Amino acid sequence: MKQNLTKYFSKYIISKVTIKHPNMMQIRLHTSAAILITPLLLLVAVHSSPAQQTLCYPLTNNLSSQSMNALDLEPLPNLNGQTGNFLTVPVPQNLCSGGGTMQAWHFEDNAGLAFNNSNGFLGCGYTIEFLFKFDELPGLFDSPWLWIVGFQGGQDNGIFLEVNPLFGTFLEIWQGNTKLQMIPFSSFNTNDWYKFTLVRTCSGLVSVYVNCTLMTTFNDNTAQIFLPGSKAIFFQDDPAILTGEASPGKVRDMKFSNYSLTATEAAGNCSCLCDALNGCSVEFIQMLTTCDPAEVGTVSEVFQVSSLCGCACDSISTTITSLVGAADTTFLDFTTCDPDQAGVAVQYFQNIGGCDSVVVTTVQLSISDTTYLEVPTCEESSVGTITIDWTNAQGCDSTVVITTFYLEPDTLFQGILQACSGAAPVVFGNLANGPGFYCGDLSPDDCSIPCLEVVFNDTQWIQLDTMLAEGEVFEFAGVEVSDDASVCGFFENMAGCDSTVCYNVVFEPALSSGEAINDWGIYVPTAFSPNGDGVNDYFTR
């Protein structure tokens, strides 16, 4: 086996892509230099066959061929027992600008597929084609070779892809441990799909095409490493011998023909690569309606469309015809101010289903309307009635009659305004220099005259007397006295005006032994003179 090169470059990371399920393939010609999809075409020798025949495996939802007599492809598991599964992935934009999705078989790392040739379908001359991609390239410590196709598993007999970080990428033909050919393939990457074509004639001439471009031609008549045996093996070198010579990837549209394509045919099979990726069209369903019950039902037609790039698929065209129903009636309502236009009109049409349709239009007459309004006024000159002509929402005449009546002005008393003497408050925009009633202007809203009563409050002065015994202290308005004195405080009364309160404080001496005190301890003089001289000013103390 080939030596595992651990000194090689770091591993490549790429995205995974699969192909859409082909239910019907339509022939469309797409030519673009950027297209890199390629099914692998392998020419396998057919000893003799009564007629040229192709077995096509779409690989979109099963491993079966479209031919009823063909055996299924065999999934080859890796050492972990993994084989693969069907996936839906986007069509690569660099290949087909239309986008979309496609179905394909995804094979796991070191897993593969095998074509059972035990019945000798592939002889000395054959063709094998398929679309495929690798999802990963070898890493730094991996073997640089990836198995593509061969007929003798466990031996290096077949087509390999070598990814060499020092010298580049090559498509290689191996026989045993000998490299027969090494073809540069620098454009290979893990993003694109490729079409490989391998053609072998019974004379032993083998031709390999990539994207319908001839890569190499060699004579296999002596070595016969491409003479098919019981199986054709794809993407898996024998994992029991060397597991590193494989990569996970995807494949679809595998075609096995018991005859050899000509060079012209092999080189011209890429004009419809996007057809192959977009797959066969799904069932076409057409919905129709009818007024005739005899036409109701479902009609299906089956036909087949072929493509050089993909497998021929059955296409089903289904027409479903449903009954629309009886004639329909639509009612419309309108209004008019013109008596000549009022009434009911019936019109007959044909609806989109081709059935009778009746439209009943009712036009109702809208008469002119009159609105009456009453508005009060305080001005006798404004009393009267006016009429205004309008147009209502229906476009008819509308009359508004406005009657203005006289409202006697009334006085509105708003309360009392208290002021201090000497002040001049402003009342309704005028100075109030004295007490009395003051009124404002007439209000046109309610015909009222606002009025206020202004009251002036004088400054107050209050005189109070108090008598204390000698030795006591009198306190008022923050002032303390212990001798006869007059103490005043200044305040603001309830009207907000200045107010003065004064206390006349008198201190009496202690009682002498000769003064009479009644049984209650109260001194009562025989007479008192409240003249403010300090002697007998009080009746008792």
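The pairing of S19 with strand S21 (residues 356-365) is parallel and extends over nine bridges. Within this part of the sheet, threonine 336 is placed opposite leucine 365 of S21.

The structure contains nine salt bridges. One of them joins the side chains of glutamate 129 and lysine 195, with an N to O distance of 3.4 Å. Glutamate 129 belongs to strand S6 (residues 126-134) and lysine 195 to strand S11 (residues 194-200), so this pair ties together parts that are 66 residues apart in sequence. Both glutamate 129 and lysine 195 are buried. A network of salt bridges links Glu129, Lys195 and Lys255.

Aspartate 135 and lysine 250 also meet through their side chains in a salt bridge, at 2.6 Å from N to O. This pair links distant parts of the chain, 115 residues apart: aspartate 135 is in the loop between S6 and strand S7 (145-150), and lysine 250 is in strand S15 (residues 249-257). Both aspartate 135 and lysine 250 are buried.

## The aspartate 220 and arginine 200 pair

A further salt bridge connects aspartate 220 with arginine 200, whose closest N and O atoms are 3.2 Å apart. Because aspartate 220 lies in the loop between strand S13 (213-219) and strand S14 (231-234) while arginine 200 lies in strand S11, the pair ties together parts that are 20 residues apart in sequence. Aspartate 220 has a relative accessible area of 2% and is therefore buried. Arginine 200 is likewise buried, with a relative accessible area of 2%.

## Glutamate 162

Glutamate 162 is located in strand S8 (residues 158-164). Its relative accessible area is 3%, so glutamate 162 counts as buried. The side chain of glutamate 162 makes a polar contact with the side chain of lysine 179, at 3.3 Å.

## Confidence of the prediction

The protein chain has an average pLDDT of 77, and 75% of the residues score at least 70. The pLDDT is below 50 over residues 1-49, a stretch with 275 contacts in the model beyond near neighbours in sequence. Residues 304-309 also have a pLDDT below 50, with 30 such contacts. Where pLDDT is low, the predicted coordinates should not be read in detail.

Key:
Residues numbered from 1 in each chain as written. Predicted model: local features only at pLDDT ≥ 70, side-chain atom pairs only at ≥ 80, totals over all residues. Heavy atoms only, no water. pLDDT = per-residue confidence, 0-100. Contact = heavy atoms within 4.5 Å. Helix = DSSP H or I, 4+ residues; strand = E, 2+ residues; numbered from the N terminus. Buried < 20%, exposed > 50% of the residue type's maximum accessible area, 1.4 Å probe, protein only. Polar contact = N/O pair within 3.5 Å; in protein donor to acceptor, adjacent residues only side chain to side chain. Pairing = 2+ DSSP bridges. Salt bridge = Lys/Arg side-chain N within 4 Å of Asp/Glu carboxyl O.
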